[in-house]
Amino acid sequence: MKTYIVQRLLIALLTLLGMSMVIFVLLRLAPGDIVDILFATAGYISPSEKQAIMKELGIDRPYVIQYLDWLHQIVTGDLGKSYRYDLPAWEVIRPLVPVTLELAALSMVFAVLLGLPAGVVSAVRQDTTLDYLLRVFSLAGLAMPSFWLGMVIILGLVTWLAWIPPLTYVSPTKDLKLHAIQFLLPALAVGYRSSALIMRITRSSLLEVMREDYIRTAWAKGQTGRIVIWRHALKNALLPVVTVIGIEFAFLIGGLVVTETVFNLPGVARFLVQAILWRDYPVVQNLVMFTAIVVILSNLIVDMLYGVLDPRVRYGG
Amino acid sequence: MAVRPAAIAVPAGARPHSGVWTILARFVRKKPLGAAGGVLMALMVLTAIFADVLQTHDPIATNAAYTLGSPNLEHWLGTDHLGRDIYSRIVHGARVSLVVGVASTLLGSVLGGIIGLLSGYIGGKTDLITQRILDILQGLPLLVLALVMSAALGPSVQNVVIAISIPIIPRAARVIRSSVLSIREMQYVEAARSLGVQHLRVAFRHILPNTIGPFIVLCTAQLGSAILVEATLSYLGLGVPEPYPSWGRMLSVSAAEYAQKAPHLVLFPGIAISLAVFGSNLLGDALRDTLDPRLRGS
């Protein structure tokens with residue numbers, strides 16, 4: 001087990017190093033840099049002035065040096081300076097992290113609460129009208145862009161309830177109720193999509209397990225349906241479900257990018273889009289790297305959970 | 001356009017003497033949801049092809065006298081903030097959506113497929129290294145990668161296609177590789193090798209054709225998310241540039257601003273996106289069950 005974890009951590013580190021290279025190269029492909037954008041509105045800028053700014057920002061140095069410099073910063077926990085805000089990147093990002101984490105966690109809670117029971121019901125009532133309805137419902141969740149769903153929710157509230165969502169972020173200490181509403185709606189919009197995935201995988205995984213001999217034995221012993229399904233079948237059907245939940249949690253950030261924009265929440269994901277548009281390299285680099293770390297960590301946690309959920313899984317063997 | 005061959009490609013496991021119609025009828029009977037998806041996709045393809053005939057107005061002509069108009073007989077789905085006809089824009093948007101979706105799916109799947117084929121066939125260290133590199137690409141959320149890519153490449157239809165296709169590559173490579181791994185061990189491959197057939201020829205002539213089932217499944221499954229990513233990128237202003245009418249961009253900032261005054265601005269493009277993705281997902285699911293039962297539920 002120990003060697004397995006060490007091995008996995010080493011691979012994770014190598015993958016992260018690779019990701020950092022990919023991210024760095026991709027961003028350098030971009031036409032135009034921050035100086036061009038900053039001065040696009042000012043009109044003319046003298047070449048010497050531009051040179052001075054580039055030097056100050058450190059983007060006149062060779063790419064290799066810039067890359068190594070960045071790596072050094074990541075390792076030492078210093079995330080550099082945001083070109084756009086003239087502040088340390090970490091200071092810009094830090095207040096945004098709780099917003100995104102709260103939204104991601106709420107979305108995931110919604111997704112599991114909706115998806116898991118729906119998947120179980122759909123599998124138990126296979127090929128009934130209820131099953132078809134639930135499947136169409138979940139497919140619809142996969143088809144609707146979450147940002148559009150968010151817009152429709154807002155539209156519905158405005159039209160029928162004459163309720164206008166707060167245009168700016170409300171902190172929980174200021175007005176807890178408004179804060180809750182502000183987060184629940186986008187969480188629902190994002191969570192619906194993930195719940196669809198969770199439902200589909202729960203359904204197919206449970207259907208497979210229900211065909212096994214030991215389930216027939218359980219039925220034959222006269223166990224009630226509830227115990228057979230929740231205690232015997234679901235326990236073994238959960239493995240792929242946990243994988244999907246793990247992957248989804250990491251990938252939520254994609255859904256959050258647009259949802260935070262629609263709902264005007266000052267989170268990391270919305271900020272990422274703005275930073276990309278501004279070519280604010282340090283911020284984008286670090287945010288994407290942050291996403292990569294979250295993805296890799298959640299993969300690692302999922303792998304570790306396997307052993308807890310399924311004693312048959314042996315590490316390193 | 002890859003959609004129509006996919007719908008006809010169902011006969012993979014069917015008897016040679018049964019006609020296309022018999023097979024289609026059987027598909028409709030056995031997979032009603034998949035057939036519904038097929039109909040939706042066929043409608044979308046037809047709309048894209050005949051957009052010029054179906055339009056009632058010029059999709060990019062503005063009309064300052066009639067902005068934010070509600071749906072009526074003249075403008076079936078109303079007009080936007082510049083007085084452009086929404087129905088005609090949605091009809092033309094089908095073209096953009098389909099072209100970008102199909103092109104990026106094909107580009108990503110073909111590139112990924114070749115990588116998967118070679119990686120799986122050669123095996124050993126090459127395979128190991130390729131897999132680690134794919135891990136890196138797959139580690140980033142599809143949308144984040146596409147976002148960074150499209151920002152890096154700059155806005156144009158071509159660049160959006162490339163940006164969306166890159167995240168598809170690792171997914172495609174995985175699927176094809178795993179099917180190559182099992183085909184590689186088959187006796188006819190061994191027979192071909194012992195007859196002295198060159199490696200590349202074995203890979204491309206003997207193994208590749210047998211991965212067509214998973215490949216079709218993969219493409220239909222990815223098409224939906226490609227359409228979705230295009231819409232999202234365009235919504236964020238990083239996708240298909242003006243003047244092409246894109247469903248995603250129709251929902252962009254201006255739509256949000258006028259949503260209260262003209263809800264049809266928000267409703268119709270979103271419904272179009274949802275139906276397109278819904279259709280390709282339904283069709284993809286049914287094709288997966290029919291062509292590749294091993295992938296069921298994955």
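Guide: Here is a walk through the contact between the chains, and then through the parts around it. One thing before we start: this is a predicted model, and every value below is computed from it.

Let's begin with the contact itself. Chain B puts in 36 residues and chain A puts in 37 residues. On the side of chain B that touches chain A, the elements giving two or more residues are α6 (124–138), α7 (142–153), α11 (212–235) and α14 (264–291) of chain B. The largest share, nine residues, comes from α7(B). If you sort that side of chain B by residue type, you get 26 nonpolar, eight polar and two charged residues.

As general background, nonpolar side chains tend to be buried together in soluble globular proteins.

Skip its neighbours within four places in sequence, and Ala146(B) is in contact with Ala163(B), Ile164(B), Pro167(B), Val229(B) and Leu233(B).

From the chain A side, have a look at α1 (residues 2–28). This helix has 27 residues and reaches 39 Å from its first C-alpha to its last, close to the 39 Å expected at 1.5 Å a residue. Within α1(A), Thr15(A), Met19(A), Ile23(A) and Leu26(A) are buried. What do the buried residues of α1(A) pack against? Their partners are α13 (281–309) of chain A together with α6 and α7 of chain B.

Is Thr259(A) buried or exposed? Thr259(A) is buried, because 29 other C-beta atoms lie within 10 Å and 20 or more is the cut-off for that label. Not counting residues up to four places away in sequence, Thr259(A) touches Ser146(A), Phe147(A), Gly150(A), Pro186(A), Ala189(A) and Val190(A). Take Pro186(A) from that list: Pro186(A) and Thr259(A) are 73 residues apart along the chain, yet their C-alpha atoms are separated by 6.3 Å.

Follow the chain on from α11(A) and you come to Asn264(A), in the loop between α11 and α12 (268–278) of chain A. Asn264(A) has a positive phi of about 60° although it is not a glycine. With 17 C-beta neighbours inside 10 Å, Asn264(A) counts as partly exposed. Asp127(A) is another non-glycine residue with a positive phi, near 65°. Asp127(A) lies in the loop between α6 and α7 (129–143) of chain A, and counts as exposed, with 8 C-beta neighbours inside 10 Å.

Over in chain B, α5 (residues 86–122) is worth a stop. This helix has 37 residues and reaches 52 Å from its first C-alpha to its last, close to the 54 Å expected at 1.5 Å a residue. Just after α5(B), Gly123(B) takes a positive phi of about 70°.

Finally, the wider setting. Chain A has 13 helices and two strands, while chain B comes to 14 helices and zero strands. The C-alpha trace of chain A spans about 85 × 60 × 35 Å along its principal axes; for chain B the box is roughly 75 × 45 × 30 Å. Buried residues make up 36% of the 317 residues of chain A and 51% of the 298 residues in chain B.

And how far to trust chain A? Its mean pLDDT is 81, and 91% of the residues score at least 70. Among the elements of chain A, helix α6 (residues 97–124) has the highest mean pLDDT (90) and helix α2 (residues 34–40) the lowest (65).

Key: Residues numbered from 1 in each chain as written. Chains lettered and ligands numbered in written order. Predicted model: local features only at pLDDT ≥ 70, side-chain atom pairs only at ≥ 80, totals over all residues. Helix = DSSP H or I, 4+ residues; strand = E, 2+ residues; numbered from the N terminus. Buried ≥ 20, exposed ≤ 12 C-beta atoms within 10 Å, placed from the backbone. Contact = placed C-beta atoms within 7 Å. Nonpolar A, V, L, I, M, F, W, Y, C, P; charged D, E, K, R; others polar. Expected span 1.5 Å × (residues − 1). pLDDT = per-residue confidence, 0-100.
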